[in-house]
Amino acid sequence: MNCGVSTDMKPRTLRRHFRESFKNLRRNGWMTFASVSAVTVTLMLTGIFLVIMLNLNKIGTDIENDVEVRVHVKLETTEAEKDQLKAQIENLPEVEGVEYSSKEQELQNLINDMGSDYTLFEQSNPLYDVFIVKTARPQDTPDAARKIEQFSQTEKAVYGEGKVENLFSFMKTARNIGMILVAGLLFTAMFLISNTIKITIFARRKEIEIMKLVGATNWFIRWPFLLEGLWIGLLGSIIPIAAIAVGYYYAEQEASERFASHFIDFIGYIPLIVPVTLLMLVIAVFIGIWGSFISVRRFLNV
Amino acid sequence: MIDMQGVTKKYPNGVTALSGVNVTIKQGEFVYIVGPSGAGKSTFIKLIYREEKPSSGTVMVGGINTASLKQRLVPALRRKVGVVFQDFKLLPLLNIYENVAFALEVIEEDPAVIRKRVMEVLDLVGLKHKARMLPTELSGGEQQRIAIARSIVNNPKVVIADEPTGNLDPDTSWDIMRLFETINERGTTIVMATHNKDIVNTIRRRVIAIENGRIVRDELRGEYGYEA
């Protein structure tokens, strides 16, 4: 006698699970509403926080990327030696780009910045020819500067010593705190949602008990619940995704106008909204299914 | 059909519900399980549909040893055993048809077969005309008929009933008993735990009396033997 229970699912059964999951959402109307609301609230918080964090991170990175080494070239250096120095700098592994700026250009920049009083220096230019060096990773700037100082034609390599290190350590701390907050928020979201789903499933433990009595396999019982979790996650993500999509559109415009004079640049609308929306969808689907899975497991007592 | 040898059941809280039970129930028998409350009747019933495992001894149901049955294969056993309870255990949000069809859906039966079988058993229990109603719209007796319909819809070899008339008035109880007799006449084994003295003494069948976890009496065409 064949007493085995088939584990592969017939297409008809999969359709049944889908149908059943929709029916259950409707039958348990208020429970569905509670679960969807829990997803909505937590996803909204997570989403807003994510948008703020991403922008702060972008601004911080921009500031970091502005860090550069200004290499003052010794006055008596010949053109050939300058080319050689440039080549030496470019050969350093940390270095990404080198630009040359003659002392005449430097003076012109100074005059532009400080005013025409500085035209006096045109008679006897006290400035140096300069190589402006960018490193691939901003954190390597101090190292690169130290190495460049060793080269014979370098008078001095300046990079805002002290201030730059402070900026880097501040950014590092800020990023870590941000990551911890996001992780904490996501954990809270999952906890809240799995608890809400647990309550809704608790109300339906009789259903599970009866399914087991008539010989349903555990996966047969689980499937509709997992699909329900999926729908709850997706339904719960609609409002937060829409709100952030609309909200960021205006917030980005407003903030860009207000901060434009401070050289602060926010993440553009599309480059932010696309990944954030996808991420929120993934989170919503994951917590919906995961919440259902661990909740239904308790009543299957396997 | 059902064969218990040297069965003892101790619960984790230290209570010994059954000890040294030996009993054989043949295919097509109708057996009452009687005895005082807490004597072990429910445990006896639960061992048959593998809600509980014996602490020692063997419980064979339709050739399957429930004690060594893998968790994964418990559903296969459940599909051979129909179960009926005092509190009906119908799903309140499903209508009558859906409640009965449920038992066939979980075993992934063909939809056409489901429709045919469900209407057949609803006809057998006399409630075909109420197929679209919800359980709450039915009387207790009618709900129990639906629970019985569900228990037999997949043609199990045995139907287990734990106090099936416990919540019903006497007239309704007789109706339910007639239904069990009909099912038994079709060859299905019936094992019923009951407190109903009148029924046991009128519809005379095999009686197994359990007291303090032991079988104290096992008579063909027995009597209830306790004051109601």
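In this predicted model, B:Asn155 counts as partly exposed, because 13 C-beta neighbours lie inside 10 Å. A residue would need 20 or more such neighbours to be buried, and 12 or fewer to be exposed. B:Asn155 sits in the loop between helix 5 (140–152) and strand 7 (158–162) of chain B. Its phi is near 50°, a positive value in a residue other than glycine. Most residues other than glycine have a negative phi.

B:Glu108 also has a positive phi, near 55°, and is likewise not a glycine. This residue belongs to the loop that joins helix 3 (96–105) and helix 4 (111–124) of chain B. B:Glu108 is partly exposed, because 17 other C-beta atoms lie within 10 Å.

Chain A provides a helix pair. Two packed helices are described by the angle between their axes and the distance between the axes. In chain A, the axes of helix 6 (residues 163–202) and helix 9 (residues 269–300) come within 8 Å and cross at roughly 45°. Helix 6 of chain A is therefore oblique to helix 9 of chain A.

Residues from both helices form the contact. Helix 6 of chain A contributes A:Leu186, A:Ala189, A:Met190, A:Ile193, A:Ser194, A:Ile197, A:Lys198 and A:Ile201. From helix 9 of chain A, the residues they meet include A:Ile283, A:Ile287, A:Trp290, A:Gly291 and A:Phe299. The residues of this contact between helix 6 and helix 9 of chain A divide into 12 nonpolar, four polar and one charged.

Key
Residues numbered from 1 in each chain as written. Chains lettered and ligands numbered in written order. Predicted model: local features only at pLDDT ≥ 70, side-chain atom pairs only at ≥ 80, totals over all residues. Axes fitted to C-alpha atoms, helices over the stretch in contact; angles between N-to-C directions. Helix = DSSP H or I, 4+ residues; strand = E, 2+ residues; numbered from the N terminus. Parallel < 35°, antiparallel > 145°, perpendicular 65-115°, else oblique. Contact = placed C-beta atoms within 7 Å. Nonpolar A, V, L, I, M, F, W, Y, C, P; charged D, E, K, R; others polar.
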